Amino acid sequence: MAEPTAGRLGSTPMKTLLIVWHSRTGGARRMAQAAAEGAAEEAQVRTRLVGAEAAGPDDLLAAEAFLFVAPENLAGLSGAMKEFFDRCYYPALGRIEGRAYATAIAAGSDGTGAERQLDRIATGWRLRRVAESLIVNTSAQTPETILAPKHIAEPELARCRELGAALAAGLALGAF
């Protein structure tokens, strides 16, 4: 089977943006979906939205850029997202260097702990950050609000769509 192509001449292989996400209460899932919606507007880029539990090393190897979307739990990445990185780190090590990445964090207050943890993993893979981290603060501070399903406001979803669109445009233009 031939590699999918894009462009007017049909000779440029289509690039792939992989969005890996995890969510317990729906906030990060909705953020990932919004980013995928924004990226889908770029016809020259294939966008794959894959849950952290299902994503593996082959998914990473098949993509030219990544968006990692996760909630911050207890000042770090959620367990399922961390498990994705644990499973994929060594199989992908030395094989995805220089590829573009960005992050989106659903946080109850801060989000920087999860961002730092994710950036350290990306540094080990020698990925290249191409956009500032998008942190959406849900202000969930009590056990009830932390465990409750999350609603992400439209302005924040618009920021997620913009991030997805920017990543896809950068791939399409060959910027990364």
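Strand β5 gives the largest share of the lining of the largest pocket, 3 residues. This is a predicted model, in which local features need pLDDT of at least 70 and side-chain atom pairs count only at pLDDT 80 or more, while totals for chains, interfaces and linings use all residues. Residues are numbered from 1 along each chain as its sequence is written, and side-chain values use heavy atoms, with hydrogens and water left out.

The pocket has a volume of about 390 Å³. A pocket here is an open set of points on a 1 Å grid over the protein atoms alone, where a 1.4 Å probe fits, with protein on both sides within 12 Å along at least five of seven lines; lining residues have an atom within 4 Å of a point. The volume is the space filled by probe spheres set on the points, which are joined across faces, edges and corners. The lining of the largest pocket counts 19 residues, and P71, E72, N73, G108 and I146 lie nearest its centre. Two or more lining residues come from each of α1 (27-39), β5 (65-73), β7 (100-107) and α5 (143-147). Helices (H or I, at least four residues) and strands (E, at least two) are DSSP runs, numbered from the N terminus. By class, the lining has 8 nonpolar, 8 polar and 3 charged residues. Nonpolar covers Ala, Val, Leu, Ile, Met, Phe, Trp, Tyr, Cys and Pro, charged covers Asp, Glu, Lys and Arg, and the others, Gly among them, are polar.

The structure also holds 8 aromatic pairs. Rings of Phe, Tyr and Trp (its six-membered ring) pair if their centres lie within 6.5 Å; planes under 30 degrees apart are stacked, over 60 edge-to-face, and the rest tilted. F68 and Y101 form a tilted pair, 6.5 Å centre to centre with 45 degrees between the planes. Because F68 lies in β5 and Y101 in β7, this pair ties together parts 33 residues apart in sequence. F68 counts as buried at 0% relative accessibility, as does Y101 at 4%; buried means under 20% relative accessible area, with a 1.4 Å probe and protein chains only.

Y89 and W125 form a stacked pair, 5.6 Å centre to centre and 15 degrees between the planes. Y89 sits in helix α3 (residues 79-92) and W125 in helix α4 (residues 112-125), 36 residues apart. Both Y89 and W125 are buried. Ring pairs link F66, F68, F84, F85, Y89, Y90, Y101 and W125 into a cluster.

Buried residues of α4 include L118, I121, A122 and W125. Just after α4, R126 takes a positive phi of about 65 degrees.

How values were computed. Buried means under 20% relative accessible area, exposed over 50%, partly exposed in between (1.4 Å probe, protein chains only).
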